Amino acid sequence: MSAPTPTSELFSLSGKTAVVTGGTRGIGMMIAGGLLAAGASVVIASRKADAVEAAVAELSATGPCTGLAADLSTEEGARSFAEAVMADNPAIDILVNNAGATWGAPLAEHDTASWSRVLDLNVQGVFHTTKFFLPALEAASSDEDPSRIINIGSIDGIHVPILESYSYSASKAAVHQLTRHLARHLAPRITVNAIAPGPFESKMMAATLENFGDQIAASAPLKRIGRADDMAGTAVFLASRAGAYLTGAIIPVDGGIATVG
Ligand SMILES: NC(=O)c1ccc[n+]([C@@H]2O[C@H](COP(=O)([O-])OP(=O)(O)OC[C@H]3O[C@@H](n4cnc5c(N)ncnc54)[C@H](OP(=O)(O)O)[C@@H]3O)[C@@H](O)[C@H]2O)c1
């Protein structure tokens, strides 16, 4: 057996370029921060230019970060975002499809618009963004070191949520299956895995955690909600040499919640 790779090298992202959609806050910002701390250059995106500017300023304290405003819920938005990023970065090592939206209401109130709002971004957005970044992901890939796609699913796509968020849970189950399908098709040049987060502090989760945070933490086998390091650590693992032999995996990062309910 050859000597083990030093841990600092095994998890290093030095020289890598990553794209994190929805990197301006919440889970996307946790991941962008983790990738930067591991040595990557990171491009973030969200719809609001002022939020992008503020997040780039904050993340730049950790490493080289740039950003663009983009609406990834339309095919055209995904195309122009990818084209703009690839004009400056013809090789992209890591694509994190994190931008997502949720919606909850009593069953009878779920109309076509509420389904479209969630699925257009959570499912089609992941697909079209991936499709348009493929030339740059291919360009960065080598036999020894495939490029990486990390999709952000949810434990709500694994277990049955208590809240009435039908389009969201369906969209996240779709993200998980899309991950497996793309993994099969894009191997061996590109790996495709999903992180299925449990509860993490974010704007999306603010009301839920304010009302039920203590109950949710108490019901989790690990007795707390997620922290930035939990999310960053899993993303760095999947993006680095350490994660090169996984594809098509759905990894719950949820304190064990999906195992008990
Ligand atoms: N937080 C949790 O506990 C949790 C649990 C399971 C899964 N997740 C998943 O984790 C991901 C991030 O969620 P979060 O909780 O961090 O949510 P969040 O705080 O609402 O952040 C969502 C991010 O996506 C961006 N975004 C929203 N719509 C967009 C669009 N059309 N085009 C481009 N960017 C868009 C937002 O910025 P703009 O508003 O400026 O566009 C923001 O940067 C989502 O996929 C979510 O489903 C979260």
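In helix α3, which spans residues 49-59, the buried positions are Val-52, Ala-55 and Leu-59. A residue is called buried if 20 or more other C-beta atoms lie within 10 Å of its own, exposed if 12 or fewer do, and partly exposed in between, with C-beta atoms placed from the backbone. Helices (H or I, at least four residues) and strands (E, at least two) are DSSP runs, numbered from the N terminus. Viewed down the axis of α3, the buried residues fall within an arc of 70°, so they line one face of the helix; the arc is that of the directions from the helix axis to the C-beta atoms. The face of α3 turned away from the buried side carries the exposed residues Ala-49, Asp-50 and Ala-57. The cover over the buried residues of α3 includes α2, β2 and β3 (65-69).

The structure is a predicted model, in which local features need pLDDT of at least 70 and side-chain atom pairs count only at pLDDT 80 or more, while totals for chains, interfaces and linings use all residues. Residues are numbered from 1 along each chain as its sequence is written.

Strand β1 (residues 17-21) has five of its five residues buried, so it is largely enclosed by the rest of the structure. Thr-17, Val-19 and Thr-21 point one way from β1, and Ala-18 and Val-20 point the other way. Strands are taken to pair if DSSP finds at least two bridges between them. β1 runs parallel to β2, to which it is joined by five bridges, with Val-20 opposite Ile-44 of β2. From β1 the chain passes through α2 to β2 in a right-handed β-α-β crossover; right-handed means that, with the strands pointing away from the viewer, the path from the first strand over the helix to the second runs clockwise. β1 is also parallel to strand β4 (residues 94-97), and three bridges join them. Here Val-20 stands opposite Val-96.

Strand β4 is in turn joined to β5 by four bridges, and the two run parallel. Ile-94 has Arg-148 of β5 as its bridge partner. β5 pairs in the parallel sense with strand β6 (residues 190-197) over six bridges, and Ile-150 has Asn-193 as its bridge partner in β6. A right-handed β-α-β unit is made by β5, helix α6 (residues 166-186) and β6.

The ligand is surrounded by 30 residues, of which the closest are Gly-22, Gly-26, Ser-46, Gly-100 and Ser-202. The elements giving two or more residues to this shell are α2 (26-37) and β2 (41-46), and α2 gives the most, with three residues. A residue is near a molecule or strand if its C-beta atom, placed from the backbone, lies within 6 Å of it. The shell divides into 14 nonpolar, eleven polar and five charged residues. In this division Ala, Val, Leu, Ile, Met, Phe, Trp, Tyr, Cys and Pro count as nonpolar, Asp, Glu, Lys and Arg as charged, and the others, Gly among them, as polar.

Ala-99 lies in the loop between β4 and α5 and is buried, with 26 other C-beta atoms within 10 Å. Leaving aside neighbours within four places in sequence, Ala-99 is in contact with Thr-21, Gly-22, Gly-28, Ser-46, Leu-72, Leu-121 and Gly-125; contact requires C-beta atoms, placed from the backbone, within 7 Å. The C-alpha atoms of Ala-99 and Thr-24, 75 residues apart along the chain, are separated by 9.5 Å.

Trp-115 belongs to helix α5 (residues 112-140) and counts as partly exposed, with 15 C-beta neighbours inside 10 Å. Beyond neighbours within four places in sequence, Trp-115 is in contact with His-110 and Ser-167.

Two backbone features fall in loops. Most residues other than glycine have a negative phi, and most peptide bonds are trans. The peptide bond between Ala-187 and Pro-188 is cis, with omega about 0°, and Pro-188 lies in the loop between α6 and β6. Lys-223, not a glycine, has a positive phi of about 60°. Lys-223 is in the loop between α7 (206-219) and α8 (228-239) and is exposed, with 10 other C-beta atoms within 10 Å.

Methods:
Two residues are in contact if their C-beta atoms, placed from the backbone, lie within 7 Å.
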